Amino acid sequence: MYLAEARFALWADFIERTYLDEGFKELIAKGIINGATSNPAIFKNAILTSSAYKEQLSTLGSISPKEKYEALAIYDIQKAADILRPLYDAGDDGYVSIEVDPYLCDDASATIAEGVRLHQNINRPNVMIKVPATEAGYLAMEALASKGIAVNATLIFSVEQALKCAAAFERASHKASVDTVISVFVSRIDRAIDETLRAAGVRTGLMGILNAAEIYNHVEAMKVPRCRVLFASTGVKGDEFRASYYIDELLAPNSVNTAPIATIDAYVQGGDRTVKLPLSTEVIREHQHRVKEAGIVMETIIEQQIVEGLEAFKIAFSEILSELE
């Protein structure tokens, strides 16, 4: 727990084999992070750009590209889970997340089967299975959590998605007690609309935060046992905002922020430790009105982000498999 008095946790949104033995351990030893997340794009960058995977690849033989990917990813997830295990045993998170095949996002049964299989093959209690927030995903989240498997609900951009995830975890909580997180993507919304807002003279870099704050309010109000909001997509691109902006402005009780390593470093060096959430509905609605007056239909933007987010993970996954042919 990075800020125990606020029950605020900081996780690293990064996995790479060499880094796990170096900077990752250092961040944990210093009490800065107590968890980690991965996704197909993160593994794509690691596997395709790092030489650390070549030796294992040479031993895998003539198995399918997906089997090769899973062998590489499972090794890294097991390694991260083992490094984080003392935190988990102490009740201080200690989770690492791995995402199911994004091409299964509309198939609940296949997602459940893959989630169970990954959890069994990794064989670590402190692993969260990441499931995209689709209609099939909500069924899979409930089923996995009901089996006592920790779940990270991902690619959430709307209150509707978040409430469906929370409801799934609430139902599961009557069958098993397990940690879950609802991962709300933040900066992608700002990047999608800020150019239009800037031209209209409306403050930029705020809608993503307020959207996440509104989701946080709704999820917290449901009081689902052992369920927290996790703020994701919190890195800053460009120089308009300070590097730690999306951590500073979303510091909330009973929450997690998963961020790139450079963003975490910036936050540690000079970030704001002031608790910022919850925000009032009035503050959120006031800016939403300004955004609407600028000609932006947030429902359309959010739907685009959901589609584009899933597509980006599918592309990254395909590129990994293509390279492993």
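F169 touches M141, A145, V151, A153, T180, V181, I182, V224 and C227, where residues up to four places away in sequence are not counted and contact means heavy atoms within 4.5 Å. F169 is also, with F24 and I182, one of the residues with the most contacts inside the largest nonpolar core. The model is predicted, so that local features need pLDDT of at least 70 and side-chain atom pairs count only at pLDDT 80 or more, whereas totals for chains, interfaces and linings use all residues. Residues are numbered from 1 along each chain as its sequence is written, and side-chain values use heavy atoms, with hydrogens and water left out.

**Nonpolar core**

- The largest nonpolar core has 115 residues, a core being a set of buried Ala, Val, Leu, Ile, Met, Phe, Trp, Tyr and Cys residues joined through side-chain atoms within 4.5 Å.
- Helix α5 (residues 65–89) gives the largest share of this core, ten residues; helices (H or I, at least four residues) and strands (E, at least two) are DSSP runs numbered from the N terminus.

**Packing of α10 with α8**

- The axes of helix α8 (residues 159–172) and helix α10 (residues 207–222) come within 9 Å and cross at roughly 25°, with axes being lines fitted to C-alpha atoms, for helices over the stretch in contact, and angles running from 0 to 180 degrees between N-to-C directions.
- That angle makes α8 roughly parallel to α10, since angles under 35 degrees count as roughly parallel, over 145 as roughly antiparallel, 65 to 115 as roughly perpendicular and the rest as oblique.
- The crossing of α8 and α10 is right-handed, a term used if the near helix is turned clockwise from the far one by less than a right angle, with left-handed used if anticlockwise.
- On the α8 side the contact is made by V159, A162, L163, A166 and A167, and on the α10 side by E214, I215, H218, V219 and M222.
- The residues of this contact of α8 with α10 comprise eight nonpolar, one polar and one charged, where Ala, Val, Leu, Ile, Met, Phe, Trp, Tyr, Cys and Pro count as nonpolar, Asp, Glu, Lys and Arg as charged, and the others, Gly among them, as polar.

**Packing of α10 with α13**

- Helix α10 also packs with helix α13 (residues 281–293), at an angle of about 140° and with the axes 10 Å apart, which makes α10 oblique to α13.
- The crossing of α10 with α13 is left-handed.
- M207, L210, A213, E214 and N217 of α10 meet V283, I284, R285, H287, Q288 and V291 of α13, and by class this contact has six nonpolar, three polar and two charged residues.

**Backbone features**

- L277 and P278 are joined by a cis peptide bond with omega of about 10°, and P278 has its place in the loop between α12 (261–270) and α13.
- N123, although not a glycine, has a positive phi of about 60°; N123 lies in the loop between α6 (108–122) and β4 (127–132) and is exposed, with a relative accessible area of 57%.
- L155, also a residue other than glycine, has a positive phi near 60°; L155 is found in strand β5 (residues 151–156) and counts as buried at 2% relative accessibility.
- Buried means under 20% relative accessible area, exposed over 50% and partly exposed in between, with a 1.4 Å probe and protein chains only.

- K314, in helix α14 (residues 298–323), counts as buried at 17% relative accessibility.
- K314 and P102 are 212 residues apart in sequence, yet 5.5 Å apart in space, C-alpha to C-alpha.
- Leaving out residues up to four places away in sequence, K314 touches P102, Y103 and C105.
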